[in-house]
Amino acid sequence: MKVLIVDDHALIREALQAVLKQLKPEAVIFEASNSRQAMHIVEEHPDISLILLDINLPDRDGFSVLRELRDRYPTIAIIILSSSGDQDTVKRAFKLGALGFIPKTTEREVMLNAIKLVFSGGIYIPSEILEETTSAQLTDKPAARDSLKGLGLTDRQIEVLALLMKGKSNKVIAKTLNMAVPTVKNHITVVLKALGVTSRTEAVIKVGKMGWESSPKSES
């Protein structure tokens, strides 16, 4: 397994390397301090599995780097690193195809779990976004559930969506709901189409807002 860390601060690269080595001792880790070095390394090693990408690079906007990497190397998982954790920045990163967003203030253990989740095929969304979505209570909110049913989703598809919102991978969803992985994929395709979104993360944010905004007083 090959991993690339892109950050202009040597101490942060060192800290991330220690986290990665704890998680994947066998990993081959590359480092880049700017986008030019990063793109050169990816060109030489297109089989890289994961890139940890700082959004604030000295030579180029990190979002444009993310966009280029997604276009040219769609199979590489990318986690964004940022000193800012504001929701607009987080949402923009996911819209451009990131599979995780880790604020640099994140504690080591949380960072470790975030990277582990992405390695296993899940999506890591920062706690501030998850708190807004109240995803854990999604299926218990009648208003949110009715809104989803109004879009034509079945109870089963809503169950799949609830687990997807917690960042669960297709395999974990399949195991939890006792169904085949291809069936899960089919359900997710239907869910995305019904919501009018193109990615899992857009679905998480959109449905989370539905649940958050529609908590009427009549709910009991």
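Select residues 181-195, which form helix 10: at 1.5 Å a residue its 15 residues should span 21 Å, and its end C-alpha atoms are 21 Å apart, so the two agree. (The expected span is 1.5 Å times one less than the number of residues; helices are DSSP runs of H or I with at least four residues, strands are E runs of at least two, and both are numbered from the N terminus.)

A note before moving on: this is a predicted model, where local features need pLDDT of at least 70, side-chain atom pairs count only at pLDDT 80 or more, and totals for chains, interfaces and linings use all residues. Residues are numbered from 1 along each chain as its sequence is written, and side-chain values use heavy atoms, leaving out hydrogens and water.

Now colour Val184, His187, Ile188, Val191, Leu192 and Leu195, which are buried in helix 10 (buried means under 20% relative accessible area, exposed over 50%, partly exposed in between, with a 1.4 Å probe and protein chains only).

Next, select Leu53. Setting aside neighbours within four places in sequence, Leu53 is in contact with several residues, including Val6, Leu69 and Ile80 (contact means heavy atoms within 4.5 Å).

Finally, zoom out to see the protein with its 11 helices and 5 strands. Of its 220 residues, 50% count as buried.
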